[in-house]
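The following questions and answers examine how the terms applied to a structure follow from their definitions. Please look at the sequence and the model before reading on.

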Amino acid sequence: MLMGQRKSENITRVEHRISTEDRAARNKHKGGVLWFTGLSGAGKSTLAFALEEELFRRGYHVYVLDGDNVRYGLNADLGFSHEDRTENIRRVGEVAALFARAGVICISAFISPYLKDRALARNAAGDKFYEVYVEADVATCEMRDPKGLYRKARAGEIADFTGISAPYEAPENPDITIDTRVQSIEGGIGTLIEFVAGTLGSGDAPMRQRVRQGQSTEI
Ligand code: ADX
């Protein structure tokens, strides 16, 4: 496993001819990573896919990387040991950073339980990284138990289950906190949309507004 070390020698970086600014100008927004972290059942995927839909509708270039999905493909070789989770987050952190550099808003929804691993993911994306703490305590997540995994973990059928038999290190200074114990999905999405518009730009919303006002037929 790589664990952040570079094995190759005789490699040289090459420069793109399209600047970050060029991409942002065409897309009408900047690229970035919205890094969702929180327990299983806290609402990361629900919020991530609802936000993706709403941003897409508003003209943003947006894509969700989701823990369960990525573990079917890119990270199919990884389980849930500390070492495998670290490698999971390392790879996804790099992929999310690539999306951001390509000008896309990448929403990543992974438990990402370790502070150190999230710090590395932030490092990969640089100033384009925003940590979103999707907060709900174990008791709440266990009560929701949408996939029945907490029940299985309590019954000893799943080892190293986050919040039960494996740790979760909450963010110390997240850019945004969505407390899903008190906030509705719509409320959370509202907060996130406002944040995105303020930090990454407004997408092609102004054009859509003109369309709505009947001043243009283009879309
Ligand atoms: S992470 O810890 O490496 O970031 P990731 O977000 O990719 O985890 O995957 C978490 C998902 O895998 C959970 O939503 C749950 O559906 C499933 N899962 C299966 N086994 C475990 C486990 N032992 N701990 C946590 N989640 C698990």
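Q: How do you know on which side each residue of S3 points, and whether these residues are buried or exposed?
A: Ile105, Ile107 and Ala109 point one way from S3, Cys106 and Ser108 point the other way, and all are buried. Buried means under 20% relative accessible area, exposed over 50%, and partly exposed in between (1.4 Å probe, protein chains only). In a regular strand the side chains alternate between the two faces of the sheet.

Q: Why is S3 called largely enclosed?
A: Of the 5 residues of S3, 5 are buried, and therefore the strand is largely enclosed by the rest of the structure.

Q: What kind of model is this, and how are its residues numbered?
A: This is a predicted model, in which local features need pLDDT of at least 70 and side-chain atom pairs count only at pLDDT 80 or more, while totals for chains, interfaces and linings use all residues. Residues are numbered from 1 along each chain as its sequence is written, and side-chain values use heavy atoms, with hydrogens and water left out.

Q: What is the pLDDT over residues 206–219, and what is the average for the chain?
A: The predictor's confidence in each residue, pLDDT, runs from 0 to 100. The chain averages 92, and 91% of the residues score at least 70. Over residues 206–219 the value is below 50, and this stretch has 9 contacts in the model beyond near neighbours in sequence. Where pLDDT is low, the predicted coordinates should not be read in detail.

Q: What makes S2 and S5 edge strands?
A: The open sheet of 5 strands has the order S2-S3-S1-S4-S5, with parallel pairing. Strand S2 (62–66) and strand S5 (176–179) each have a single partner strand, so one side of each is left without a neighbour in the sheet. Strands (E, at least two residues) and helices (H or I, at least four) are DSSP runs, numbered from the N terminus.

Q: How do you know that S4 pairs with S5?
A: Two strands pair if DSSP finds at least two bridges between them. Strand S4 (residues 129–135) is joined to S5 by 4 bridges, and the two run parallel; the bridge partner of Glu135 in S5 is Asp179.

Q: Which bridges tie S3 to S1 and to S2?
A: S1 and S3 pair in the parallel sense over 5 bridges, with Ile107 in S3 as the bridge partner of Leu34. S2 and S3 also pair in the parallel sense over 5 bridges, and Leu65 stands opposite Ser108 in S3.

Q: What makes a group of residues a nonpolar core, and how many residues has the largest nonpolar core?
A: A nonpolar core is a set of buried Ala, Val, Leu, Ile, Met, Phe, Trp, Tyr and Cys residues joined through side-chain atoms within 4.5 Å. The largest has 33 residues, and those with the most contacts inside it include Leu34, Phe36, Leu51 and Ile107. H8 gives the most to this core, with 6 residues. A second, separate core of 15 residues includes Val33, Ile89, Ala100 and Cys106.

Q: Why is Leu51 called buried?
A: Leu51 is found in helix H2. Its relative accessibility is 0%, so Leu51 counts as buried. Contact means heavy atoms within 4.5 Å. Leu51 touches Leu34, Phe36, Ile107, Ile189, Leu192 and Ile193, not counting residues up to four places away in sequence.
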